[in-house]
Amino acid sequence: MTLHVICSMGWAGAVAVFVVLDVAALTGNQPELGRLLWLGLQATVWSLLIPLALWSLLTGIILAVSTRWGLVRHYWVLLKLALTLVATVVLVMYTETIEPLAAIAKDPAMAGTQMPSPLLHTAGALVVLLLATILAVYKPRGLTRYGQKKRRAGLQQVP
């Protein structure tokens, strides 16, 4: 569980940093900040963001199947899995955007050029990750049909 929390919160924290940097790039009058943002995304996407996302997903699945919560017994677990899976897939797909924009940002001839903002993606990712965290903390009630069936059968104690 500790590894899951570290990976999940590390992922959310890294994304929060990019939201702050993006807001600074958008509100400031220094186009270099936008260029640095894309270079930062490029530097961390494969070395930090994607590994944290994959470890968060993997450890979450392991926790779900190895604890009383189960992977398909509670709606909150299924929703948290879906949110994490979608966020991971979108992140991996978004790398195709990061690489070419980082290449443009590296080009000295582009100095002073206003770069496009990834704020929609980074802020959206942060909202999704925070929602997954809220679900994990508050664990809203609601059994799936499978969870109800297990409870009725008395085969396993379902919270």
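How many helices and strands does the secondary structure of the protein chain come to?

1. **Fold.** The protein chain has five helices and zero strands. Here helices are DSSP runs of H or I with at least four residues, strands are runs of E with at least two, and both are numbered from the N terminus. From that end, the order is α-α-α-α-α.

2. **Basis.** This is a predicted model: local features need pLDDT of at least 70, side-chain atom pairs count only at pLDDT 80 or more, and totals for chains, interfaces and linings use all residues. Numbering starts from 1 along each chain as its sequence is written, and side-chain values use heavy atoms, with hydrogens and water left out.

3. **Overall shape.** The C-alpha trace of the protein chain spans about 70 × 25 × 25 Å along its principal axes.

4. **Burial and contacts.** Of the 159 residues, 36% are buried. Buried means under 20% relative accessible area, exposed over 50%, and partly exposed in between (1.4 Å probe, protein chains only). Take contacts between residues at least 6 apart in sequence: 80% join residues at least 24 apart. A contact means heavy atoms within 4.5 Å.

5. **Charge.** The protein chain carries 12 positive and 5 negative side chains. The centres of the two sets lie 36 Å apart. Lys and Arg count as positive, Asp and Glu as negative; His and the chain ends are not counted. Each charge is placed at NZ of Lys, CZ of Arg, CG of Asp or CD of Glu.

6. **Aromatic pairs.** There are two in the structure. Rings of Phe, Tyr and Trp (its six-membered ring) pair if their centres lie within 6.5 Å; planes under 30 degrees apart are stacked, over 60 edge-to-face, the rest tilted. Trp 38 and Tyr 94 have ring centres 6.4 Å apart and planes at 40°, so this pair is tilted. Trp 38 sits in helix α2 (residues 31-66) and Tyr 94 in helix α3 (residues 75-106), 56 residues apart. Both Trp 38 and Tyr 94 are buried. Trp 69 and Trp 76 form an edge-to-face pair, 5.4 Å centre to centre with 75° between the planes. Both Trp 69 and Trp 76 are buried.

7. **Backbone check.** Lys 139 has a positive phi, near 40°, and is not a glycine. Lys 139 lies in the loop between α4 (119-138) and α5 (145-153). Its relative accessible area is 30%, so Lys 139 is partly exposed.
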